[in-house]
Amino acid sequence: MEWVLFLTLALLAGAAALAMVLQRHPVYSALCLILTLFAQGGLYILLHAQLIAFVHIIVYAGAIMVLFLFVIMLLDLRPEEHPPLQFNRIGVVLGLVLAGALLAELALGVGPQINLGPRGPHDVETLRILGNTQEVARVLFRKYLIPFELTSLILLSAMVGALVLAKRRPE
Amino acid sequence: MVPLWAYLLLSGFLFIVGVVGVATRRNVLIIFMSIELMLNAVNLSFVAFSRFLHSLDGQVFVFFVMTVAAAEVAVGLAIIIALFRNVETVYVDELHLLKG
């Protein structure tokens with residue numbers, strides 16, 4: 001059952017990601033990316049990370065992709081006249097070699113025989129009793145309190161930066 | 001149970017698709033979306049490792065990645081709008097402002 005769900009979501013995510021890169025029109029690309037993000041949210045639920053799954057859907061599909069669609073429609077883009085993905089032969093050969101090297105490294109490094117080392121205290125049963133959200137919050141606000149506070153600086157600087165960049169300069 | 005390598009394989013595939021998108025597309029918005037896809041591929045392996053290592057640190061890191069991604073999108077889209085206002089194009093091969 002878990003394999004069926006995983007394969008469905010994984011195929012959906014992979015196919016939508018490929019479609020995103022192959023689409024000519026940016027709006028269709030954005031919609032395909034939203035589909036990938038939803039499938040990925042399903043995978044997070046399959047991994048027993050419920051809080052992350054919903055934060056992911058809300059932040060990415062809800063906020064970031066809406067911003068993307070808003071900008072695409074604001075700029076009123078036409079579909080590209082050139083078909084995407086025009087390759088030359090050297091590029092294809094080089095890319096296949098590099099992709100093969102990466103896959104071989106992945107298979108050697110993180111294949112089925114991978115040794116994960118020591119495990120932490122938060123297995124699925126513990127999380128079911130204590131609650132995923134409570135436990136994530138406990139880690140976030142104790143062990144990672146200072147990094148968490150620092151993210152507010154990132155958001156503030158991003159906000160100021162976006163305002164400064166988007167402001168129309170006086171002639 | 002679905003093993004770790006299946007998630008890592010999917011994560012690697014999504015990352016490679018993102019790299020191909022960044023390397024081959026001309027539209028700066030689609031390049032930007034491909035960057036988002038790569039960030040998400042990394043998030044997927046974070047959550048998968050968190051699940052299989054019985055540790056929540058990976059999920060906390062996903063929070064931080066999401067924060068950085070949100071900030072990046074806000075600034076990046078502002079840059080794209082400013083760029084479009086100045087040069088009237090979103091195709092990267094028509095941009096050569098930094099050429100001497």
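**View 1. His54(B) in its loop.** With 17 other C-beta atoms within 10 Å, His54(B) is partly exposed; a residue is buried with 20 or more other C-beta atoms within 10 Å of its own, exposed with 12 or fewer and partly exposed in between, C-beta atoms being placed from the backbone. His54(B) belongs to the loop between α2 and α3 of chain B, where helices (DSSP runs of H or I, at least four residues) and strands (runs of E, at least two) are numbered from the N terminus. The phi of His54(B) is near 55°, a positive value in a residue other than glycine. The model is predicted, and local features need pLDDT of at least 70, side-chain atom pairs count only at pLDDT 80 or more, and totals for chains, interfaces and linings use all residues. Residues are numbered from 1 along each chain as its sequence is written, while chains are lettered from A and ligands numbered from 1 in the order in which they are written.

**View 2. His48(A) in a loop of chain A.** The loop between α2 and α3 of chain A holds His48(A). His48(A) has a phi near 60°, which is positive in a residue other than glycine. With 18 other C-beta atoms within 10 Å, His48(A) is partly exposed.

**View 3. Chain A as a whole.** Chain A has 7 helices and 0 strands. The radius of gyration of chain A is 21 Å, well over the 16 Å that the globule rule gives for 171 residues, so chain A is more spread out than a compact globule. This radius is taken over C-alpha atoms, and the rule is 2.2 Å times the number of residues to the power 0.38. The C-alpha trace of chain A spans about 55 × 50 × 30 Å along its principal axes. Of the 171 residues in chain A, 23% are buried.

View 4. His56(A) counts as buried, with 26 C-beta neighbours inside 10 Å. Leaving out residues up to four places away in sequence, His56(A) touches Gln40(A), Gly41(A) and Tyr44(A); two residues are in contact if their C-beta atoms, placed from the backbone, lie within 7 Å. His56(A) and Gln40(A) are 16 residues apart along the chain, and their C-alpha atoms are separated by 8.6 Å. Phe70(A) is exposed, with 11 other C-beta atoms within 10 Å. The C-alpha atoms of Phe70(A) and Arg24(A), 46 residues apart along the chain, are separated by 18 Å.

**View 5. The side of chain A that touches chain B.** The contact takes 63 residues from chain A and 59 residues from chain B. Helices that each supply at least two residues of this side of chain A include α1 (2-22), α4 (89-110) and α7 (145-166). By class, the residues of this side are 48 nonpolar, 10 polar and 5 charged. Ala, Val, Leu, Ile, Met, Phe, Trp, Tyr, Cys and Pro count as nonpolar, Asp, Glu, Lys and Arg as charged, and the others, Gly among them, as polar.

**View 6. Helix α7 of chain A beside helix α3 of chain B.** The axes of α7(A) and α3(B) (residues 57-87) come within 8 Å and cross at roughly 10°. Axes are lines fitted to C-alpha atoms, for helices over the stretch in contact, with angles from 0 to 180 degrees between N-to-C directions. α7(A) and α3(B) are therefore roughly parallel to each other (under 35 degrees; over 145 is roughly antiparallel, 65 to 115 roughly perpendicular and the rest oblique). Among the residues that meet are Ile154(A), Leu155(A) and Ala158(A) in α7(A) and Val68(B), Ala71(B) and Val75(B) in α3(B). This contact of α7(A) with α3(B) has 17 nonpolar, 3 polar and no charged residues.

**View 7. Helix α3 of chain A beside helix α2 of chain B.** The axes of α3(A) and α2(B) (residues 28-52) come within 12 Å and cross at roughly 175°. These two helices, α3(A) and α2(B), are therefore roughly antiparallel to each other. Ile52(A), Ile64(A), Phe68(A), Val71(A) and Ile72(A) of α3(A) make the contact with Leu29(B), Met33(B), Glu36(B) and Val47(B) of α2(B). By class, the contact of α3(A) with α2(B) has 8 nonpolar, no polar and 1 charged residues.

**View 8. Helix α3 of chain B along its length.** The 31 residues of α3(B) should span 45 Å at 1.5 Å a residue, and its end C-alpha atoms are 44 Å apart, which agrees; the expected span is 1.5 Å times one less than the number of residues. Buried residues of α3(B) include Phe63(B), Met66(B) and Leu77(B). The buried residues of α3(B) pack against α3, α6 and α7 of chain A together with α2 of chain B.
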